[in-house]
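Me: I have a model open and want to learn how to read its features. Where do we start?

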Amino acid sequence: MKEFVLKIEEFMEIGGTKKDIVLLVLGGLSLAASFLNGRLYSYNLPFDVAWVAIILCGTPIIIESIVGLITEFDIKADVLVSLALIASVCIGEFFAAGEVAFIMQLGSLLEDLTVARARAGIEKLVSLTPRTARIITEEGERIVPAEEVDVGDILRVLPGETIPVDGVITSGQTSVNQAVMTGESLPVDKEVGDEVLSGTTNQFGAFEMRASRVGADSSLQRMIGLVESADAGKAKIVGIADRWATWIVVIALTAAVFTWIFTGEIIRAVTILVVFCPCALVLATPTAIMAAIGNATKHGFLVREGDALERLAGVNKITIDKTGTLTLGKPQVTAVRTVSDYSEEEIYRLTATVEKMSEHPLGKAIVACFGQPVDEVSDFSMVPGEGIIAKAHGRRVAVGNEKLMKRVGADISGINEIKDYPDEGSTVVYVAIDGKFAGYVALSDTLREDSPVMIEKVKSLNITPVLLTGDNPNAAGSIAGKVGITNFKSGCLPEDKLGIIADMQTAGDEVCMIGDGINDAPALKKANVGIAMGGVGSDIAIDVADIALVDDEIKELPHLLELSKKMMRTIKVNMSFSMALNFLAITLAITGLLGPVVGALVHNAGSVAVIINSALLLKWKKRDLAVI
């Protein structure tokens, strides 16, 4: 027997749900054999095989409850379970003890399955940190570790490189992809005097910069710190059974002691402990959560945190990122206009033809949207920070911003309608042919088709949507107006989003954050519930979020919100039923109508009923919400 116990201790060192499953299988088989022995069959065994379930499933519960009581005086549901186990063993009711241990092991397994996988979001953020930097000294250029850069150092950044520290451009022009920090869908042109941030990417054109914030003070390192602090500050929901455990223990012990005193029958006292064992109460929450997670999966949601749906049920505000969430996150051609004898089709074709050689994201977007074969060009040249010039179809075509138009002598004044596009959040690309302004192409991030309906349904659930975006006020206001959001904040850096959510929480709001970019990571972590767009979203945003929308079908969000509320109603029904059954059983136990074995079966039946009720969530469908 001693060797058997030693083997069991070695097995307990194994972690994870695999161990729980093995324990349940062995424990279940031993209980079945114990129950059948002497009823259908008769085996001359040296001990009751129910001991296998008691040792495998019960020992961890007893140890955990003792450690919690001694180290923290923490009274949880496992304290009462341990009392029921020990009392049953003391009076020889081994089957009852084994069954209690088995049910609690089942609850432990379900809770383990709802715990999130270990995430590597912070590690992935760290991996974005540039490893090296090009420092310009009197001796020339040398490459050093990024952490050795000091404030005031002059650095050179080549095309395609990640900017190592925060600083100001001292020479050169370029376009910088700032999505990692601001979430902006379009690159930002930079010239001498403009600030650049660490972690952002230089699209093309080498430039020199003076370091202004380095090390822990740089933008990327501050964002990593924000994610870490937000995670540490998020409180975890305590299981309802554990919150009620103290009262349950007191009531059960009091009832058992008084029953023993007044009846003189210890068997009745033990039965009270067995039937009052909160197995069904412990199963009430994890079974409902598991079923709700299964339902959410069918609608495209990957629930990474077990208690995320519990928190989501209490949300009254949803903060939403714009780019990649309400919008598709990719620039699209929204208008082509001519101000010359050339047709719009000719303007579009010539623009796409010369942009074929461009590395600029806007140029690539124009070519992709045109979607037709284009001819080759000659004399191609790129003007960093301004645009491109090339010959196509025998014409000299210049495509770029206002600076490029001035460079080639094209007059763009007098076209008042162009001013409307920036107000709507669009970017205008000017086209000059043979030195004369010929037309323009407007690009913008396009709205998801389902976004307006989704927002209206969210509002119908008495949840207030708030738009948080790094884009300019015009782009933010335009999108907010189209989807029906009245409260929006523009120009938000990662720390701004986190601060806004923190202020909401301080005011008593429960906040859900929906985003897709690396810049959303601190806000996703800080919010009561973080939901990441799984399709277009960055790996880091997905890793730090509680829930990922795998297929980016934003229209499913209202279903998830109602599912979380339905899940909480199911949990409350489960708990009410389990407590009512326990009080009924304890009354019968006091009167002697229930013995330990039958009592264990009764509360086992209650556990099964709870599981069945929770399982109904698997096929639950949202009601048809009326759009206001």
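Me: Are Asp445 and Lys322 buried or exposed?

Reply: This is a predicted model. Both Asp445 and Lys322 are buried. They also form a salt bridge, with the closest N and O atoms 4.0 Å apart. The pair links distant parts of the chain: Asp445 sits in strand 17 (residues 436-447), Lys322 in helix 14 (residues 322-326).

Me: How many salt bridges does a search of the whole structure find?

Reply: Start with the general idea. Side chains of opposite charge can pair when their charged atoms come close. Here the search finds 16 salt bridges. One of them joins Lys403 and Glu191, closest N and O atoms 2.0 Å apart. These two residues are 212 residues apart in the chain. Lys403 counts as partly exposed because its relative accessibility is 36%. Glu191, at 29%, is partly exposed too.

Me: Which residues have the most contacts inside the largest nonpolar core?

Reply: General idea again: in soluble globular proteins, nonpolar side chains tend to be buried together. In this model the largest nonpolar core has 49 residues. Leu309, Leu312, Ile318, Leu326, Ile547 and Met567 have the most contacts inside it. Apart from that core lies another, of 24 residues, including Leu350 and Val374.

Me: Which residues make the nonpolar surface patch of about 460 Å²?

Reply: Val257, Phe258, Ile261 and Phe262 make the patch. Phe262 is in helix 10 (residues 245-263). Its relative accessibility is 67%, so Phe262 counts as exposed.

Me: What does the side chain of Asn528 make a polar contact with?

Reply: The side chain of Glu510, at 3.0 Å. Asn528 counts as buried because its relative accessibility is 16%.

How values were computed
Residues numbered from 1 in each chain as written. Predicted model: local features only at pLDDT ≥ 70, side-chain atom pairs only at ≥ 80, totals over all residues. Heavy atoms only, no water. Patch = residues over 30% accessible without salt bridge, like charges linked within 9 Å, V, L, I, M, F, W, Y side chains within 5 Å. Areas by Shrake-Rupley, 256 points an atom, 1.4 Å probe, with all protein chains shown as cover. Salt bridge = Lys/Arg side-chain N within 4 Å of Asp/Glu carboxyl O. Helix = DSSP H or I, 4+ residues; strand = E, 2+ residues; numbered from the N terminus. Buried < 20%, exposed > 50% of the residue type's maximum accessible area, 1.4 Å probe, protein only. Core = buried A, V, L, I, M, F, W, Y, C linked by side-chain atoms within 4.5 Å. Polar contact = N/O pair within 3.5 Å; in protein donor to acceptor, adjacent residues only side chain to side chain.
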